[in-house]
Amino acid sequence: MRLATAIIDGRPEGVVIHADGAATRVGMPLQALIESGDAGLAAARAAAARPADIPADALRLGPPLPQPRKNIFCVGRNYSEHIAEGARAQNIAISATEVPVFFTKPPTAICGPGDEVPIFPHVSTKVDYEVELAVVIGKPGRDIPADRALTHVFGYMILNDVTARDVQRRHGNQWFKGKGLDGSAPTGPWIVTADEIADPMALGIRLSVNGEPRQEGNTRDMIFDIPTLIASLSQGLTLEPGDIIATGTPSGVGYAMEPPRFLAHGDRVVCEIDGIGRLENTMRDTSLSAQVA
Ligand code: ZN
């Protein structure tokens with residue numbers, strides 16, 4: 001099932017998306033649905049069996065999880081080609097780590113499909129993109145063994161780990177600040193439930209800017225696969241329903257291009273992952289808002 005958050009009369013509501021793009025209301029927000037476990041999934045299945053109550057052309061989607069209960073977990077350096085391009089661009093040695101490198105983005109970074117992603121020129125002039133497969137946790141757990149990890153996954157969505165490279169460098173190359181700005185985590189367009197993704201480690205993943213291909217990879221090239229990430233992150237740390245884990249980006253980011261290219265006002269960024277869908281956002285320079293309006 002494809003489960004989305006629709007904006008209906010200004011309020012977010014959980015919906016199931018039918019094959020033709022129309023939607024049926026589930027009757028609860030997706031966070032509550034995920035927390036309800038099997039009962040939540042049963043409610044979603046019941047909605048999927050009812051006729052659509054929102055036609056596709058009237059459907060406005062928000063982020064699937066508009067207010068995560070905690071920071072979004074992210075993984076750095078999880079594709080070797082991306083590590084290599086970073087080392088080249090910065091002219092330093094960077095190697096793969098023996099265990100996953102985790103950082104987070106705050107809940108205020110969340111935005112949804114079609115949303116404008118703000119550029120704050122007084123803060124950053126080097127805004128970059130990173131398409132990533134995001135895991136949504138269903139069943140809670142701590143010290144989850146890798147061979148049971150996928151049973152804790154509710155589903156999958158796309159996340160663009162928008163990054164202010166200059167802020168990142170300025171703050172000691174520590175990732176939180178440069179990756180934590182408002183709107184820097186476009187997510188969606190929906191959550192595909194885990195039962196529909198036969199192998200999350202074999203999905204084509206790509207990103208384009210204004211139609212120009214920039215990133216093209218496959219999740220099979222992750223250094224630490226999803227079971228390993230969940231096992232490692234959950235060591236001594238409880239994962240809860242609705243927690244989001246972004247699993248790292250393949251190569252092709254803007255700062256590693258020669259010369260580097262960063263996102264600008266009006267740029268259209270399209271992220272795609274096979275079996276999930278397409279997440280499209282446009283960049284908006286906040287200092288130009290008067291002219292735009
Ligand atoms: Zn990233």
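These are my notebook entries on a predicted model, written for someone meeting the structure here.

**Entry 1: the two domains**

I began with the overall division. The protein splits into domain 1, residues 2-62, and domain 2, residues 72-292. I looked up their C-alpha centres and found them 25 Å apart. Ten residues of domain 1 and 14 residues of domain 2 make up the contact. On the domain 1 side, strand 1, helix 1 and strand 4 (61-62) each give at least two residues. Helix 1 has the largest share of that side, with four residues. I also sorted the domain 1 side by class: six residues are nonpolar, two are polar and two are charged.

**Entry 2: helix 2**

Next I picked a helix to follow from end to end. Helix 2 runs over residues 38-49, twelve in number. From first C-alpha to last it spans 17 Å, close to the expected 16 Å. Which residues of helix 2 are buried? I noted Gly40, Ala44 and Ala47. Looking down the axis of helix 2, I see these buried residues within an arc of 60 degrees, so they line one face of the helix. A reminder to myself: an α-helix has 3.6 residues a turn, so residues three or four places apart point the same way.

What do the buried residues of helix 2 pack against? My list has strand 1 (2-8), strand 2 (11-17), strand 3 (23-25) and helix 1 (30-35). On the face turned away from the buried side I found the exposed residues Asp38, Ala39, Ala42 and Ala49.

I stopped at Leu41, which also belongs to helix 2. Leu41 counts as partly exposed because it has 18 C-beta neighbours inside 10 Å, while a residue needs 20 or more to be buried. I then compared Leu41 with Glu272: they are 231 residues apart in sequence, and their C-alpha atoms are 25 Å apart in space.

**Entry 3: the nonpolar core**

Then I turned to the inside. In soluble globular proteins, nonpolar side chains tend to be buried together. Here the largest nonpolar core has 72 residues. Which of its residues touch the most other members? They are Ala134, Val136, Tyr156, Met157 and Ile158. Both domains take part in this core, as domain 1 and domain 2 each give at least three residues.

Leaving aside residues up to four places away in sequence, Met157 touches Pro64, Ala134, Val136, Thr187, Gly188, Trp190, Ile191 and Ile276.

Is Ile197 buried or exposed? Ile197 has 20 C-beta neighbours inside 10 Å, so it counts as buried. With residues up to four places away left out, its contacts are Tyr156, Val192 and Gly275. Ile197 and Leu133 are 64 residues apart in sequence, with 12 Å between their C-alpha atoms.

Most residues other than glycine have a negative phi, and most peptide bonds are trans.

- Pro259 is in the loop between strand 16 (244-246) and strand 17 (268-273).
- I found Asp9 in the loop between strand 1 and strand 2, and it counts as exposed because it has 5 C-beta neighbours inside 10 Å.
- Asp143 lies in the loop between strand 10 (131-137) and strand 11 (153-160); with 10 C-beta neighbours inside 10 Å, Asp143 counts as exposed.

**Entry 4: Asn210**

My last stop was Asn210, in the loop between strand 14 and strand 15 (212-218). With 12 other C-beta atoms within 10 Å, Asn210 is exposed. What does Asn210 touch, beyond residues up to four places away in sequence? I wrote down Asp267 and Arg268. Asn210 and Arg268 are 58 residues apart in sequence, but their C-alpha atoms are 5.0 Å apart in space.

Notes:
Residues numbered from 1 in each chain as written. Predicted model: local features only at pLDDT ≥ 70, side-chain atom pairs only at ≥ 80, totals over all residues. Expected span 1.5 Å × (residues − 1). Arc of directions from axis to C-beta. Contact = placed C-beta atoms within 7 Å. Domains from an automatic or database assignment. Nonpolar A, V, L, I, M, F, W, Y, C, P; charged D, E, K, R; others polar. Core = buried A, V, L, I, M, F, W, Y, C linked by C-beta atoms within 7 Å.
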